[in-house]
Amino acid sequence: MRFVDIVNRDIANLENCEQEPIHIPGSIQPHGFLLALDRNTLIVKFCSGNIAEYTGTGYEQILGKKCAEVLHAGICEKISQFVKSGETALRFRSKNEDTEYEFALHYSGGYLIVEAETHQLPEEQVDVDLFRLSKQFLGYMEDTHTLKDLCAMVAAGIRRITGYDRVMVYRFDKDYNGEVFAEEKRDDLESFYGLHYPHTDIPAQARELYIRNLLRIIVDINYTPVPIYTIDEEGQTNLDLSLSILRSVSPIHVQYLHNIGVGATMTISLMHKGKLWGLVACHHYSPKHIHPDVQMAARLQGHFITSQIDVRQLNEEHIISHKATQAAEAIFAMKHELKRTSLKSMVELPLILDICNATGVSLVLGNVVHSYGATPSTDNIYLINNELSGLATSGFYQTNFLSKELPALENEPVASGVMYYSLGDSGNSIMWYRKETVSTVNWAGDPAKAIEKNKNGLSPRKSFELWKQTLKLQSEPWKQAEMNSAQNFVNFLEKHINSILLSEEEAKQRELARILKETNAELENINWISTHDLQEPLRKIQITASHILSKEGAAPEDVNQRVDKMRQSAERMQKLLKDILRYVNLNSSQEAFTTVDLNELLEDLKIEVQESLAEKSAVLEIGTLPEVYGIPFLIKQVFANLTYNSLKFAHADRQSEITITSRGIQDITRDDHNGRYLVLEFTDNGIGFDPIYNESIFRIFTRLEKDHAGSGIGLALCRKIMQLHKGYIVAEGMPGSGVRFEIGFLVKE
């Protein structure tokens, strides 16, 4: 039987440290021992090389044995119960031989990891009574208001119960650069409070392990790693120790700790909303091992921080929000006239800057800009407006580093920060500005030199001397409470602008209504005068014609026939004028609507156009038609206009044929008409027209054939009449073959 260790000897390579497999070091720290059991058979598959120091039996005699042959019966019973329970982790105390151990169990792939540390109290007896700890938490809640104050008190509490030389609360930014947010230390030590550390100090795979394993201890930085052994025949050379409490740490990390002079560490992960928010980093400048109960107490203190992050941040935001809300509500409570001048007055209120703690504001409305406070030039305001409208998501964009997006504006320090809100889709906006705030970030060493190159190759940096970075062209970041307050004001502003536009539209409509009323009154007078004045000459024509016809033999027969036609035309015109006068004098056009028998109406039309038909040798065929609901003389006018148009545009090489038929009741779906309609069809076989003019022929004064007389009003009038009847008329041109008109009357339910 051949035994081999699984130590990973190729991991200490800084050139690919981001990919370093720190979860499979193949070794542990020497302050305890480790066994890996097959999770089904509980046979020992892996064993740390130091087990003889704790049990008196070497790994050669333990590998391949069952748990019951290696550990005391009470311990094995605990392990068996754990396996049956379905739990994922367990910690318990028990004796093996005469020594008491703290055992920790967890699964790793197909193995059950068993770790044990000797249960010894440190020299300084620390009281970790849970009742006192609970009272301490209540004290934190009562004595602190901000997150920073809370972290400072927790750092002090952890140092008090653990005895570490330095305890820091380390907070990550969005890029995982770290900042020492709170610190409690030995008086003679240099302070790290406020220092920033680059994200390379804690690479991605290390952060991932901090998420999976929330507490990590290094008892002695100068420890010698203990290899883990297995039987060569097993073919398994890796063991995932991500959750192990004894896992050996990366040689790179050990070298880093040597460079800063640390002798022992404990790290507690601070998780918030599933992400690594920060760490509690405990440093000691000599070897140090603390009791598991003390570890748990420190871990609870760390959990208390994360439980309070939202509460403290909400409290801080509430203070900001309260001030901003008061400013906004004060503006809302004011009386603002529904005039455009009120917008300028509103923007020039000092309270508008308090809404989001801005130093300037501008309102862009078309070619007008209203500004207040410290703002860019008008040209630059338009530039910012145009650029940010393209960057905005859902009409909103904010930055505290505008020149990063718009390098051309680095000479506008009054607008280092901008909060942009779009006002509709017309390019209008309101923008708040913040001036440049020159600030200094203190780094623990130059972040650009996080990894140094020397004659031995790459190594973690050795210099942690203060390195200052000056930040320019940036403003204070916009807080969420300020953005919320600004959004509330934007909602109010949009409503006010819409109210102004509605008020202006109402005033415009009132003026148009007044003009229309006056115009209609004038038209009624004109119609009255016209129809009355036209009646008189028509009566004279009728009287003269009757007088001529009454004298027998006074004129030749053909002259009498022409005079009689003249008299009939005068009578029809007189009737038409009476219909128009009656229509004009109605209070509502609906009062003129009646049931119309189209057969009778079009027979009258056929008689009226008989002479014109004869002149063109044309044929007018009228099928059996339904009754419709409408104004008789207007409906007659539609068919008269269409008939005269057909005669005007008859084809020179064939007899003109005009047909009017019914297609019955149909369900019609059009852009502007939907419903049940009585559909009529009017067709001819004239010269037709190109289908591209199907719609344009209904526009007033439109004439497709310049060689034919006409005003271009007839078809426009036809459409107006059908619109009055809530119906429709459409055309289909057939070049060289004629035209087809479809006429629909809405069916009265």
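1. Let's start with Y176, which sits in the loop between β8 (166-172) and β9 (178-185). Here, strands (E, at least two residues) and helices (H or I, at least four) are DSSP runs, numbered from the N terminus. Phi of Y176 is near 70°, a positive value in a residue that isn't glycine. Y176 is partly exposed, at a relative accessible area of 27%; on this scale buried is under 20%, exposed is over 50%, and partly exposed lies in between (1.4 Å probe, protein chains only).

2. Before going on, keep in mind that this is a predicted model, where local features need pLDDT of at least 70 and side-chain atom pairs count only at pLDDT 80 or more, while totals for chains, interfaces and linings use all residues. Residues are numbered from 1 along each chain as its sequence is written, and side-chain values use heavy atoms, leaving out hydrogens and water.

3. Now look at N357, in the loop between α10 (351-354) and β15 (360-365). N357 is not a glycine, yet has a positive phi of about 55°. Its relative accessibility is 27%, so N357 counts as partly exposed.

4. Next, the open sheet: five strands in the order β25-β27-β28-β30-β29, with mixed pairing. Two strands pair if DSSP finds at least two bridges between them. β25 (619-622) and β29 (728-734) are at the edges with a single partner strand each, so one side of each has no neighbour in the sheet. From one strand to the next, the twist averages 25°; axes are lines fitted to C-alpha atoms (for helices, over the stretch in contact), and angles run from 0 to 180 degrees between N-to-C directions.

5. What joins β29 to β30 (residues 738-746)? Seven bridges do, and the two strands run antiparallel. G733, for one, has V739 in β30 as its bridge partner. Helix α18 (residues 714-724) packs on the sheet, touching β29 and β30, where contact means heavy atoms within 4.5 Å. The direction of α18 makes about 145° with that of β29.

6. A cavity is a set of points, on a 1 Å grid over the protein atoms alone, where a 1.4 Å probe fits but cannot get out; lining residues have an atom within 4 Å of a point. Which residues line the largest cavity? They are H31, R91, E117, L215, R216, I217, I245 and Q295. Strand β11 (residues 215-218) gives the most to this lining, with three residues.

Terms used:
1 Å grid on protein atoms, 1.4 Å probe; cavity = no way out; pocket = protein on both sides within 12 Å on 5 of 7 lines; lining within 4 Å.
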